[in-house]
Amino acid sequence: STAGVDDSAVIATNDDAASCKRFAVQQGYWKDPYIQHLVRPGERKAPEINRGYYARTQGVRQLLDQFLRLTRCECQVVSLGAGFETTYWRLKDEGLVPRGYFEVDFPAVTSRKCHYIRSRPPLSKPLTEGGGQLQIEGGVLHCSNYHILSGDLRNTEELDASLTASGIDKSLPTLFMTECVLVYLTPEQSAKLVRWASDNFLTAMFVNYEQVNMKDKFGQVMIENLKTRHCHLAGVDLCADAESQKQRFLSVGWEGSDLLDMWTVYHSLPQQDVQRIERLEFLDEVELLQQLLQHYCITWAWKDPAGLGLSNLGF
Ligand code: SAM
């Protein structure tokens with residue numbers, strides 16, 4: 001299926017995420033030699049935004065790497081709404097490649113990503129190292145265990161079919177990731193997606209990063225205000241929303257679920273590195289950062305009938 005007119009704004013959110021990540025990388029928040037080949041340098045971002053992206057990427061990375069280590073890479077990763085994520089290249093560099101790595105996004109996004117990979121050797125070379133054959137057709141890429149698939153997450157039948165055609169093994173432990181994605185689906189659509197994952201994969205984990213209370217106008221107002229550096233505390237009920245984040249998984253067949261707001265995640269990351277990044281740019285209003293990060297969270301859920309220990313993963 002192709003994206004409609006209304007989807008173009010959603011598709012554009014990927015450019016924003018990628019250019020924020022590129023800027024933070026350029027400032028030294030974390031290393032990513034690949035993102036510069038996927039997105040042009042954007043405008044300067046406020047230090048709060050850079051620290052927010054740092055917490056987001058490092059937080060998701062913690063859970064992903066824990067999962068890969070626990071399963072000794074005898075597993076699969078499925079990034080839904082992956083945009084221009086460069087995680088596969090990092091895992092390759094670190095010798096942490098799972099048996100299968102699958103990304104799904106709208107064709108308008110995956111065809112651009114595939115085009116950049118095809119035309120830029122710094123992206124394509126690492127993929128073919130070790131003998132992998134790069135197969136690219138439109139917005140679809142296959143290269144040994146790396147697959148970029150185009151599709152619409154609202155259509156789980158089509159999603160299932162294209163993952164199956166790419167050789168996904170539903171009996172292997174599988175980690176699903178949605179980094180800033182579910183918010184673009186209706187509650188019914190995201191419930192269907194989360195249920196499909198739990199119905200179809202025996203041993204699985206789901207890692208979701210998103211804004212708490214996105215549906216709440218106050219959250220949006222606060223972010224807008226942050227951009228103009230005048231921040232007001234929004235009177236949102238974060239506890240109720242946190243509970244509903246967990247229920248989204250528990251009500252559709254996941255065995256357990258937990259979450260942390262990003263302010264807590266930030267303080268749970270390796271503190272030596274946090275201290276390093278805090279020296280990169282001066283932040284005059286720490287409270288502003290706190291308010292921003294408290295409006296985002298990472299929720300994770302697991303299904304672990306074989307007792308691998310997925311419920312022990314976390315911060
Ligand atoms: N996960 C990436 C990251 O964190 O850098 C990209 C995040 S971007 C904010 C949201 C992504 O979700 C976009 O690439 C968008 O195209 C994708 N997306 C949203 N709704 C989708 C849908 N129904 N089907 C496929 N992709 C979708």
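**Notebook: helices, sheet and ligand shell**

I began with two helices: the axes of α1 (residues 7–26) and α2 (residues 47–70) come within 9 Å and cross at roughly 100°. Axes here are lines fitted to C-alpha atoms, for helices over the stretch in contact, and angles run from 0 to 180 degrees between N-to-C directions. Helices (H or I, at least four residues) and strands (E, at least two) are DSSP runs, numbered from the N terminus. α1 and α2 are therefore roughly perpendicular to each other (65 to 115 degrees; under 35 is roughly parallel, over 145 roughly antiparallel, the rest oblique). On the α1 side the contact is made by Cys-20, Lys-21, Phe-23 and Ala-24, and on the α2 side by Ile-49, Asn-50, Tyr-53, Tyr-54 and Thr-57. Two residues are in contact if their C-beta atoms, placed from the backbone, lie within 7 Å. I sorted the α1–α2 contact by class and got six nonpolar, two polar and one charged residues. Ala, Val, Leu, Ile, Met, Phe, Trp, Tyr, Cys and Pro count as nonpolar, Asp, Glu, Lys and Arg as charged, and the others, Gly among them, as polar.

I noted that this is a predicted model, in which local features need pLDDT of at least 70, side-chain atom pairs count only at pLDDT 80 or more, and totals for chains, interfaces and linings use all residues. Residues are numbered from 1 along each chain as its sequence is written.

Next I looked up the whole protein, which has 12 helices and nine strands.

I then followed the sheet. It is open, has nine strands in the order β3-β4-β5-β2-β1-β6-β7-β9-β8, and its pairing is mixed. Strands pair if DSSP finds at least two bridges between them. β3 (135–137) and β8 (256–261) stand at the edges with a single partner strand each, so one side of each has no neighbour in the sheet. From one strand to the next the twist averages 15°.

Inside the sheet I checked β7 (residues 204–211) and β9 (residues 296–303), which pair in the antiparallel sense over eight bridges. Tyr-209 stands opposite Ile-298 in β9. Helix α7 (residues 187–200) packs on the sheet and touches β6 (174–179), β7 and β9. The direction of α7 makes about 165° with that of β7.

Which residues are closest to the ligand? They are Thr-13, Asn-14, Gly-81, Gly-83 and Glu-179, out of 19 that surround it (C-beta atom, placed from the backbone, within 6 Å). α1 gives the largest share of this shell, five residues. By class I found 10 nonpolar, four polar and five charged residues in the shell.
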